[in-house]
Amino acid sequence: LEGGCSAEALDAAAVLATGRHPRRTTRVTEEMTRLFRDDLVDLNGDIPTYVRALRAFGEAPHPEQYCTERGLDSAALRAAARARPALEKWLEDVAAEDSIQMASCGEDPDPLRKALCAGFFARA
């Protein structure tokens, strides 16, 4: 959080909290794969790609169609969108206790990468 990536960390946590992969594995055509790759894949890894997928799902005028066209699991993304407000409330409470500002790192992948590594390896 101190790196200024709380918005991205929330999106990543929401997708991971569902326990489901946002990408469908069956009946995916080459066209779906191309659209997914062109629109959503972040070369910095899976977690930034999940962040992009959740945000695109939320911004799409027709989320179900958007998911179908890109081979995404709309149920997984709907579940992530439902989980995010509860995670955000919890994170705001933690940030207030520790006097940390909630912020976004925008297109810079390094703060999110550092935050994830710090979280996964907190005792290392």
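I began with H2 and H4, whose axes come within 6 Å and cross at roughly 110°. Here axes are lines fitted to C-alpha atoms, for helices over the stretch in contact, and angles run from 0 to 180 degrees between N-to-C directions. Angles of 65 to 115 degrees count as roughly perpendicular, under 35 as roughly parallel, over 145 as roughly antiparallel and the rest as oblique; H2 and H4 are therefore roughly perpendicular to each other. Helices are DSSP runs (H or I, at least four residues), numbered from the N terminus.

I note that this is a predicted model, in which local features need pLDDT of at least 70 and side-chain atom pairs count only at pLDDT 80 or more, while totals for chains, interfaces and linings use all residues. Residues are numbered from 1 along each chain as its sequence is written, and side-chain values use heavy atoms, with hydrogens and water left out.

I then listed the contact itself (heavy atoms within 4.5 Å). Met32, Leu35, Phe36 and Asp39 of H2 meet Tyr66, Thr68, Glu69 and Arg70 of H4.

Next I looked up H3, residues 46-59. Its 14 residues reach 20 Å from first C-alpha to last, close to the 20 Å expected at 1.5 Å a residue; the expected span is 1.5 Å times one less than the number of residues. I checked burial by relative accessible area (buried under 20%, exposed over 50%, partly exposed in between; 1.4 Å probe, protein chains only). The buried residues of H3 include Ile47, Tyr50, Leu54 and Phe57. The buried residues of H3 pack against H1 (6-17), H2 (30-39), H4 (63-70), H5 (74-97) and H6 (110-120).

I searched for disulfides, taken as pairs of cysteine sulfur atoms within 2.5 Å, and the count came to 0. Cys105 counts as buried, at 15% relative accessibility. Cys117 is also in no disulfide, and its nearest cysteine sulfur, that of Cys5, is 11 Å away. Cys117 is partly exposed, with a relative accessible area of 41%.

Last, I examined the loop between H1 and H2, where Arg27 is found. Phi of Arg27 is near 50°, a positive value in a residue other than glycine. Arg27 is exposed, with a relative accessible area of 73%. Thr18 is found in the loop between H1 and H2. Not counting residues up to four places away in sequence, Thr18 touches Ala76, Ala79 and Ala80. Thr18 and Arg37 are 19 residues apart in sequence and 22 Å apart in space, C-alpha to C-alpha.

Methods
Helix = DSSP H or I, 4+ residues; strand = E, 2+ residues; numbered from the N terminus.
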